[in-house]
Amino acid sequence: PALGLRGISDDISRGQISSLDDFRRLIRFMARYKMNLFMPYLEDMLRIEGLPKFGEGRGALTREEVRELVSFASGLHVRVVPAFQTLGHYENFLLDPDNFPLAEFPGAQCLSPAEEKVYPFLKQALGAVCEAFSDSLVNAGCDETWDTGRGKSRAQARREGLAAVHAAHYRRVHSLVTAYGRRMLMYGDIILNNPRILESGALPRDVVIVDWHYNAAASYPSVARFRAAGLQVLVSPGLSNWSRFYPFWGTALDNIENLTREGLRQGALG
(Lines give C-alpha, C1' and ligand atoms only; values in the text may rest on other atoms or scores of the structure.)
Protein backbone atom coordinates (compact mmCIF):
# COMPACT_ATOMS: atom_id res chain seq x y z
CA PRO A 1 0.00 0.00 0.00
CA ALA A 2 3.01 2.33 0.26
CA LEU A 3 3.12 2.38 -3.55
CA GLY A 4 0.29 4.20 -5.29
CA LEU A 5 0.15 1.95 -8.35
CA ARG A 6 0.14 -1.82 -7.86
CA GLY A 7 -0.64 -4.15 -10.69
CA ILE A 8 0.08 -6.71 -13.35
CA SER A 9 1.38 -6.40 -16.89
CA ASP A 10 -0.18 -9.13 -19.04
CA ASP A 11 1.38 -10.09 -22.38
CA ILE A 12 -1.56 -11.08 -24.59
CA SER A 13 0.32 -10.78 -27.88
CA ARG A 14 1.89 -14.22 -28.24
CA GLY A 15 -0.96 -16.60 -28.86
CA GLN A 16 -2.49 -16.73 -25.40
CA ILE A 17 -5.15 -14.05 -25.93
CA SER A 18 -7.70 -14.11 -23.12
CA SER A 19 -11.46 -14.18 -23.40
CA LEU A 20 -13.41 -11.45 -21.62
CA ASP A 21 -14.28 -14.01 -18.93
CA ASP A 22 -10.56 -14.66 -18.42
CA PHE A 23 -9.89 -10.94 -18.11
CA ARG A 24 -12.71 -10.53 -15.60
CA ARG A 25 -11.38 -13.41 -13.52
CA LEU A 26 -7.93 -11.84 -13.43
CA ILE A 27 -9.26 -8.41 -12.52
CA ARG A 28 -11.38 -9.86 -9.71
CA PHE A 29 -8.22 -11.53 -8.39
CA MET A 30 -6.34 -8.22 -8.59
CA ALA A 31 -9.07 -6.30 -6.80
CA ARG A 32 -9.21 -8.88 -4.02
CA TYR A 33 -5.51 -8.30 -3.32
CA LYS A 34 -5.81 -4.50 -3.59
CA MET A 35 -4.09 -4.16 -6.96
CA ASN A 36 -5.29 -1.19 -8.97
CA LEU A 37 -3.55 -1.30 -12.36
CA PHE A 38 -3.92 -3.80 -15.20
CA MET A 39 -1.60 -3.29 -18.17
CA PRO A 40 -2.40 -5.48 -21.20
CA TYR A 41 0.60 -5.65 -23.52
CA LEU A 42 -0.95 -5.37 -26.98
CA GLU A 43 1.45 -5.26 -29.93
CA ASP A 44 -1.17 -5.85 -32.69
CA MET A 45 -3.87 -7.21 -30.38
CA LEU A 46 -6.32 -4.38 -31.05
CA ARG A 47 -8.53 -4.09 -34.13
CA ILE A 48 -7.96 -0.71 -35.75
CA GLU A 49 -10.32 0.81 -38.30
CA GLY A 50 -8.49 1.43 -41.54
CA LEU A 51 -5.89 -1.26 -40.77
CA PRO A 52 -7.83 -4.43 -41.64
CA LYS A 53 -4.82 -6.74 -41.34
CA PHE A 54 -3.75 -5.47 -37.91
CA GLY A 55 -4.08 -8.45 -35.59
CA GLU A 56 -5.94 -10.41 -38.28
CA GLY A 57 -6.38 -14.06 -37.35
CA ARG A 58 -4.69 -13.54 -33.97
CA GLY A 59 -7.68 -12.82 -31.75
CA ALA A 60 -7.20 -9.05 -31.53
CA LEU A 61 -9.59 -7.25 -29.21
CA THR A 62 -12.29 -5.00 -30.61
CA ARG A 63 -12.91 -1.49 -29.33
CA GLU A 64 -16.20 -2.67 -27.84
CA GLU A 65 -14.49 -5.51 -25.95
CA VAL A 66 -11.92 -3.11 -24.55
CA ARG A 67 -14.58 -0.68 -23.39
CA GLU A 68 -16.46 -3.51 -21.69
CA LEU A 69 -13.25 -4.59 -19.95
CA VAL A 70 -12.44 -1.03 -18.87
CA SER A 71 -15.96 -0.55 -17.49
CA PHE A 72 -15.79 -3.81 -15.53
CA ALA A 73 -12.36 -2.98 -14.11
CA SER A 74 -13.43 0.53 -13.14
CA GLY A 75 -16.20 -0.93 -11.00
CA LEU A 76 -13.52 -2.75 -9.01
CA HIS A 77 -11.21 0.30 -8.81
CA VAL A 78 -8.70 -1.13 -11.30
CA ARG A 79 -7.22 1.10 -13.99
CA VAL A 80 -6.61 -0.45 -17.43
CA VAL A 81 -3.49 1.07 -18.99
CA PRO A 82 -2.58 -0.14 -22.50
CA ALA A 83 1.00 -1.02 -23.47
CA PHE A 84 1.18 -0.38 -27.21
CA GLN A 85 4.47 -0.60 -29.08
CA THR A 86 5.64 2.42 -31.08
CA LEU A 87 9.02 1.26 -32.40
CA GLY A 88 9.95 -2.40 -31.94
CA HIS A 89 8.15 -5.72 -31.57
CA TYR A 90 6.35 -5.37 -34.90
CA GLU A 91 7.32 -8.87 -36.02
CA ASN A 92 3.80 -9.78 -37.15
CA PHE A 93 2.81 -6.48 -38.72
CA LEU A 94 6.03 -6.21 -40.74
CA LEU A 95 5.59 -9.69 -42.21
CA ASP A 96 2.93 -8.22 -44.52
CA PRO A 97 4.49 -7.03 -47.81
CA ASP A 98 2.20 -3.99 -47.72
CA ASN A 99 4.02 -2.86 -44.57
CA PHE A 100 7.60 -3.47 -45.73
CA PRO A 101 8.14 0.27 -46.38
CA LEU A 102 7.68 1.00 -42.65
CA ALA A 103 10.43 -1.41 -41.56
CA GLU A 104 13.97 -0.42 -40.62
CA PHE A 105 15.15 -3.04 -43.13
CA PRO A 106 13.60 -6.12 -44.79
CA GLY A 107 12.93 -8.65 -42.05
CA ALA A 108 13.34 -6.14 -39.20
CA GLN A 109 11.09 -6.23 -36.15
CA CYS A 110 11.37 -2.45 -35.77
CA LEU A 111 9.62 0.40 -37.49
CA SER A 112 12.10 2.86 -38.99
CA PRO A 113 12.43 6.28 -37.33
CA ALA A 114 13.95 7.44 -40.63
CA GLU A 115 10.75 6.62 -42.55
CA GLU A 116 8.33 9.54 -42.40
CA LYS A 117 5.35 7.27 -43.21
CA VAL A 118 5.82 5.66 -39.79
CA TYR A 119 4.45 8.69 -37.96
CA PRO A 120 1.04 8.96 -39.67
CA PHE A 121 0.68 5.22 -38.98
CA LEU A 122 1.51 5.71 -35.30
CA LYS A 123 -0.84 8.68 -35.07
CA GLN A 124 -3.67 6.54 -36.44
CA ALA A 125 -2.83 3.56 -34.23
CA LEU A 126 -2.39 5.60 -31.05
CA GLY A 127 -5.65 7.38 -31.80
CA ALA A 128 -7.42 4.03 -31.86
CA VAL A 129 -5.70 2.97 -28.62
CA CYS A 130 -6.68 6.19 -26.86
CA GLU A 131 -10.23 5.95 -28.15
CA ALA A 132 -10.62 2.42 -26.78
CA PHE A 133 -8.76 2.89 -23.48
CA SER A 134 -9.86 5.86 -21.40
CA ASP A 135 -7.03 5.98 -18.85
CA SER A 136 -4.75 9.01 -18.72
CA LEU A 137 -1.66 6.80 -19.10
CA VAL A 138 -0.41 5.04 -22.24
CA ASN A 139 2.69 2.85 -22.32
CA ALA A 140 4.40 3.46 -25.68
CA GLY A 141 6.76 0.49 -25.29
CA CYS A 142 10.01 1.09 -27.21
CA ASP A 143 11.82 -1.84 -25.56
CA GLU A 144 14.27 -4.28 -27.19
CA THR A 145 14.59 -2.21 -30.36
CA TRP A 146 17.86 -3.79 -31.45
CA ASP A 147 17.25 -3.17 -35.18
CA THR A 148 17.21 0.62 -34.87
CA GLY A 149 20.19 2.24 -36.55
CA ARG A 150 20.98 -0.80 -38.67
CA GLY A 151 18.99 0.05 -41.80
CA LYS A 152 17.27 3.21 -42.98
CA SER A 153 18.36 5.15 -39.91
CA ARG A 154 22.00 3.99 -40.12
CA ALA A 155 23.25 7.18 -41.76
CA GLN A 156 21.64 9.34 -39.07
CA ALA A 157 23.01 7.07 -36.33
CA ARG A 158 26.53 7.37 -37.74
CA ARG A 159 26.17 11.12 -38.12
CA GLU A 160 24.46 11.98 -34.81
CA GLY A 161 24.81 8.86 -32.70
CA LEU A 162 22.34 6.08 -31.97
CA ALA A 163 21.17 7.80 -28.79
CA ALA A 164 20.09 10.82 -30.84
CA VAL A 165 18.08 8.60 -33.21
CA HIS A 166 16.22 7.03 -30.30
CA ALA A 167 15.69 10.32 -28.49
CA ALA A 168 14.27 12.03 -31.58
CA HIS A 169 11.81 9.18 -32.05
CA TYR A 170 10.76 9.24 -28.39
CA ARG A 171 10.06 12.96 -28.64
CA ARG A 172 7.87 12.46 -31.71
CA VAL A 173 5.95 9.66 -30.05
CA HIS A 174 5.60 11.80 -26.94
CA SER A 175 4.06 14.59 -29.01
CA LEU A 176 1.55 12.12 -30.48
CA VAL A 177 0.62 10.69 -27.07
CA THR A 178 0.24 14.10 -25.42
CA ALA A 179 -1.81 15.38 -28.35
CA TYR A 180 -4.41 12.78 -27.33
CA GLY A 181 -4.34 14.11 -23.77
CA ARG A 182 -2.40 11.15 -22.36
CA ARG A 183 0.78 10.83 -20.33
CA MET A 184 3.47 8.65 -21.88
CA LEU A 185 5.07 5.67 -20.22
CA MET A 186 7.90 3.78 -21.91
CA TYR A 187 10.24 0.92 -21.12
CA GLY A 188 13.74 1.87 -19.98
CA ASP A 189 16.11 -0.81 -21.27
CA ILE A 190 17.24 0.98 -24.44
CA ILE A 191 17.87 4.18 -22.48
CA LEU A 192 20.10 2.25 -20.09
CA ASN A 193 22.03 0.94 -23.10
CA ASN A 194 22.32 4.44 -24.54
CA PRO A 195 22.92 6.67 -21.50
CA ARG A 196 23.44 9.76 -23.63
CA ILE A 197 19.65 9.87 -24.00
CA LEU A 198 19.54 10.76 -20.29
CA GLU A 199 22.66 12.86 -20.25
CA SER A 200 21.49 15.09 -23.08
CA GLY A 201 18.21 15.90 -21.35
CA ALA A 202 16.50 15.02 -24.63
CA LEU A 203 13.74 12.99 -22.99
CA PRO A 204 10.62 14.96 -21.94
CA ARG A 205 10.52 15.08 -18.15
CA ASP A 206 6.88 14.04 -17.89
CA VAL A 207 7.66 10.61 -19.38
CA VAL A 208 7.33 7.76 -16.87
CA ILE A 209 9.93 5.00 -17.23
CA VAL A 210 8.80 1.40 -16.77
CA ASP A 211 12.03 -0.10 -15.44
CA TRP A 212 11.75 -3.83 -16.13
CA HIS A 213 14.20 -6.57 -15.21
CA TYR A 214 14.14 -10.19 -16.31
CA ASN A 215 16.24 -11.57 -13.49
CA ALA A 216 16.57 -11.29 -9.73
CA ALA A 217 19.35 -9.15 -8.30
CA ALA A 218 20.46 -7.92 -4.90
CA SER A 219 20.25 -4.32 -6.10
CA TYR A 220 18.83 -2.38 -9.06
CA PRO A 221 20.84 0.83 -9.59
CA SER A 222 18.80 1.69 -12.68
CA VAL A 223 15.90 2.93 -10.54
CA ALA A 224 18.07 5.56 -8.85
CA ARG A 225 19.61 6.43 -12.21
CA PHE A 226 16.26 7.29 -13.75
CA ARG A 227 15.14 9.17 -10.63
CA ALA A 228 18.38 11.19 -10.61
CA ALA A 229 17.59 12.25 -14.18
CA GLY A 230 14.30 13.72 -12.94
CA LEU A 231 12.08 10.95 -14.32
CA GLN A 232 9.31 9.13 -12.51
CA VAL A 233 9.45 5.34 -12.52
CA LEU A 234 7.29 2.26 -12.39
CA VAL A 235 9.32 -0.81 -11.43
CA SER A 236 8.41 -3.93 -13.39
CA PRO A 237 9.92 -7.25 -12.22
CA GLY A 238 9.61 -10.14 -14.65
CA LEU A 239 7.88 -13.34 -13.55
CA SER A 240 10.23 -15.73 -15.41
CA ASN A 241 7.24 -17.36 -17.10
CA TRP A 242 8.29 -16.97 -20.74
CA SER A 243 9.22 -19.94 -22.95
CA ARG A 244 7.93 -22.29 -20.26
CA PHE A 245 4.62 -23.59 -18.91
CA TYR A 246 5.08 -22.45 -15.32
CA PRO A 247 6.95 -19.52 -13.73
CA PHE A 248 10.41 -20.11 -12.31
CA TRP A 249 9.56 -18.93 -8.82
CA GLY A 250 13.14 -19.20 -7.56
CA THR A 251 13.98 -16.17 -9.68
CA ALA A 252 10.58 -14.50 -9.89
CA LEU A 253 9.83 -14.05 -6.19
CA ASP A 254 13.24 -12.53 -5.41
CA ASN A 255 12.91 -10.26 -8.44
CA ILE A 256 9.47 -9.06 -7.35
CA GLU A 257 10.47 -8.49 -3.73
CA ASN A 258 13.83 -6.83 -4.31
CA LEU A 259 12.84 -4.60 -7.22
CA THR A 260 9.63 -3.52 -5.47
CA ARG A 261 11.63 -2.64 -2.35
CA GLU A 262 14.05 -0.59 -4.47
CA GLY A 263 11.14 1.18 -6.11
CA LEU A 264 9.73 2.11 -2.72
CA ARG A 265 13.14 3.33 -1.56
CA GLN A 266 13.55 5.54 -4.64
CA GLY A 267 10.04 6.99 -4.67
CA ALA A 268 8.66 5.02 -7.61
CA LEU A 269 5.03 5.54 -8.60
CA GLY A 270 4.33 1.84 -8.28
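## Pockets and salt bridges at a glance

The lining of the second largest pocket splits into four nonpolar, three polar and four charged residues. Keep in mind that this is a predicted model.

- Helix α3 (residues 118-132) supplies the largest share of the lining, five residues.
- Among the residues lining this pocket are Leu46, Arg47, Ile48 and Glu49, along with Thr62, Arg63 and Glu131.
- Two of those names, Arg63 and Glu131, turn up again in a salt-bridge network that also takes in Glu64 and Arg67.

**The largest pocket**

- Here 46 residues make up the lining, and Ser9, Ser236, Pro237, Gly238 and Leu239 sit nearest the centre.
- The elements giving two or more residues to that lining are the strands β1 (7-11), β2 (37-41), β6 (208-213) and β7 (232-237), plus the helices α1 (20-32) and α9 (249-265).
- The top contributor is α9, with six residues.
- Sorted by class, the lining has 26 nonpolar, 11 polar and nine charged residues.

- Arginine 14 pairs with glutamate 43, with 3.1 Å between the closest N and O atoms. The two are 29 residues apart: arginine 14 is in the loop between β1 and α1, and glutamate 43 is in the loop between β2 and α2 (63-74).
- Glutamate 115 and lysine 152 form another bridge, their closest N and O atoms being 3.3 Å apart. Glutamate 115 lies in the loop between β3 (79-80) and α3, and lysine 152 in the loop between β4 (137-139) and α4 (154-160), so this pair ties together parts 37 residues apart in sequence.
- Glutamate 115 counts as buried, at 18% relative accessibility, whereas lysine 152 is partly exposed at 38%.

**A salt bridge within one helix**

- The side chains of arginine 24 and aspartate 21 meet at 2.7 Å, N to O.
- Both belong to helix α1, and because they're three residues apart, about one helical turn separates them.
- Arginine 24 is buried, with a relative accessible area of 18%, but aspartate 21 is partly exposed at 48%.

Notes
Residues numbered from 1 in each chain as written. Predicted model: local features only at pLDDT ≥ 70, side-chain atom pairs only at ≥ 80, totals over all residues. Heavy atoms only, no water. 1 Å grid on protein atoms, 1.4 Å probe; cavity = no way out; pocket = protein on both sides within 12 Å on 5 of 7 lines; lining within 4 Å. Helix = DSSP H or I, 4+ residues; strand = E, 2+ residues; numbered from the N terminus. Nonpolar A, V, L, I, M, F, W, Y, C, P; charged D, E, K, R; others polar. Salt bridge = Lys/Arg side-chain N within 4 Å of Asp/Glu carboxyl O. Buried < 20%, exposed > 50% of the residue type's maximum accessible area, 1.4 Å probe, protein only.
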